[in-house]
Amino acid sequence: MTTIFTKIISGEIKSDVVYQDEQVTAFRDINPQAPVHILIVPNKEIPTVNDIEEEDEKLIGRLFTVAKKIAQKEGIAEDGYRILVNCNKHGGQEIFHLHMHLFGGRRLGPMIMRR
Ligand code: AMP
């Protein structure tokens, strides 16, 4: 299923892209939840974590190395940051193209919203 992220990756829809290579694209979230809020996305259309195959393991690892580089570039590496991946309804996933959220720039509070 193609989503808006595919159009951002191809450049068809404009976005604030901070990093791109042949495997991964990263761009600023349109509705930031922290001073730094960047989405790190595999160029390959993988809908959710449930759809990751063994052949994708290297690609998924690359999301982390790209996240690390972006954190350094954004100046948040030393103070720290949070990486989050939502999956399906209970995870609160809205866009069904796998993506990693990178949050930083302030203390981020408790890990999960209390009920
Ligand atoms: P998730 O709930 O994990 O699926 O997160 C989807 C994220 O995509 C949300 O944080 C949205 O604010 C963000 N988003 C949706 N459309 C765009 C867009 N056109 N450009 C940048 N971020 C977007």
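Let's start at the ligand. Of the 16 residues around it, Asp29, Asn86, Glu94, His99 and His101 come nearest. Near here means that a heavy atom of the residue lies within 4 Å of the molecule. A caution before going on: this is a predicted model, where local features need pLDDT of at least 70, side-chain atom pairs count only at pLDDT 80 or more, and totals for chains, interfaces and linings use all residues. Residues are numbered from 1 along each chain as its sequence is written, and side-chain values use heavy atoms, with hydrogens and water left out.

Now the polar contacts, meaning pairs of N or O atoms within 3.5 Å. In the side chain of Asp29, an N or O atom is 2.5 Å from a ligand oxygen. For the side chain of Asn86, that distance is 2.9 Å. Ile95 uses its backbone: a polar atom there is 2.9 Å from an oxygen of the ligand. On its own, the ligand has 510 Å² of accessible area (Shrake-Rupley method, 1.4 Å probe), and the protein covers 86% of that.

Next, the shell. By class, it has seven nonpolar, six polar and three charged residues. In this scheme Ala, Val, Leu, Ile, Met, Phe, Trp, Tyr, Cys and Pro are nonpolar, Asp, Glu, Lys and Arg are charged, and the others, Gly among them, are polar. Helix 1 (4-10) and strand 2 (24-28) each supply at least two shell residues. Helix 1 gives the largest share, three residues.

Last, the fold. The protein has three helices and five strands, taken as DSSP runs (helices H or I, at least four residues; strands E, at least two) numbered from the N terminus. From that end, the order is α-β-β-β-α-β-α-β. Along its principal axes, the C-alpha trace spans about 35 × 35 × 30 Å.

Notes. Polar contact = N/O pair within 3.5 Å; in protein donor to acceptor, adjacent residues only side chain to side chain.
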